[in-house]
Amino acid sequence: MKSFASFSLALLAVLVSVSAGKTERAAKATSLRHYMGYTGPSQTGVHFDFLTYDADLNLVGLDNQIRSACQAGLWMVYENIEYNYFEPGNVCIVPALEDCFDLSAACSGMVSSLRYAGSSEGMNDDFYNMYGAINYQGLEFKGNNTSRDVGILQGDVSSVIVSGTGSWTFYTDREFNGASVCVVPDSKYLGSDGTALNYGLFQNLGELGLSDGGIGSLIKGCFSDTVVSAEAVRAKREAAASAGLA
Ligand SMILES: [Ca+2]
């Protein structure tokens with residue numbers, strides 16, 4: 001009996017270590033941001049694994065070809081090259097953690113550029129991305145910390161994505177002057193292995209109660225009496241869309 005008990009414990013130890021190893025590998029897999037695009041529906045046809053921004057899918061021979069995908073992270077695909085900078089068009093944005101799906105009708109067979117929002121390091125690190133046009137199109141200014149200005153987008157910010165669990169305070173003018181709003185990234189995508197993406201999508205500055213172009217600086221943290229919940233904005237946007245108002 002004694003030897004049997006020892007054997008059981010040894011077996012248990014092996015099982016525990018295998019299980020821990022599996023969990024660790026799953027966590028690593030979902031911490032690698034990528035976008036695997038397929039030319040056919042349901043992950044069929046030719047595929048290409050994008051690890052970072054691609055401003056022109058002609059360069060990999062996939063212009064207007066992607067119809068399904070498997071991805072990790074918060075990715076945007078655009079109808080036109082250069083993230084619709086020269087010509088506005090459809091934009092599809094999907095959060096996922098190693099999930100596969102067919103592209104929506106608005107983007108299937110039309111994608112000409114793609115990029116992600118969030119940190120280039122940890123997938124759920126605190127980060128902000130600002131864009132020069134609505135719906136996350138055009139030029140970008142991004143970072144992971146307080147900034148006295150918004151660089152090339154000064155006076156031109158038209159949409160914003162925040163990532164991670166930390167809030168941000170946006171000011172209408174540079175050097176933390178003017179009116180302010182605290183933005184909480186409380187939308188959440190939960191992966192099948194339990195890891196989470198926290199984020200907030202603001203497709204125009206009206207969703208932050210600001211006028212177009214009205215972000216001039218920002219501070220990491222929540223320092224305004226005006227607090228905007230990304231999840232409340234998302235719910236309101238979806239309710240308006242389903243009522244046929246947007
Ligand atoms: Ca296209």
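## Strand β9 and its partners

Let's start with strand β9, which pairs with β13 (residues 217–220) in the antiparallel sense, over 4 bridges. Within this pairing, Y171 stands opposite S217 of β13.

Spanning residues 168–173, β9 runs antiparallel to β10 (residues 177–184), and 5 bridges join the two. One spot to look at is D173, whose bridge partner in β10 is N177. The hairpin of β9 and β10 has 3 residues between the strands, and here E175 takes a positive phi near 60°. As you trace these strands, keep in mind that in a regular strand the side chains alternate between the two faces of the sheet.

What you're looking at is a predicted model. The protein chain has a mean pLDDT of 90, with 87% of its residues at 70 or more. Residues 1–30 are another story: their pLDDT is below 50, and the stretch has 10 contacts in the model beyond near neighbours in sequence.

## A look at G109

Now hop over to G109, which sits in the loop between β4 (91–102) and β5 (113–117). Is G109 buried or exposed? G109 counts as exposed because 12 other C-beta atoms lie within 10 Å, and the cut-off for exposed is 12 or fewer.

Leaving out residues up to four places away in sequence, G109 touches N64, Q65 and R67. Take Q65: Q65 and G109 are 44 residues apart along the chain, yet their C-alpha atoms are separated by 4.8 Å.

Methods. Residues are numbered from 1 along each chain as its sequence is written. This is a predicted model: local features need pLDDT of at least 70, side-chain atom pairs count only at pLDDT 80 or more; totals for chains, interfaces and linings use all residues. A residue is buried if 20 or more other C-beta atoms lie within 10 Å of its own, exposed if 12 or fewer, and partly exposed in between; C-beta atoms are placed from the backbone. Two residues are in contact if their C-beta atoms, placed from the backbone, lie within 7 Å. Two strands pair if DSSP finds at least two bridges between them. pLDDT is the predictor's confidence in each residue, from 0 to 100.
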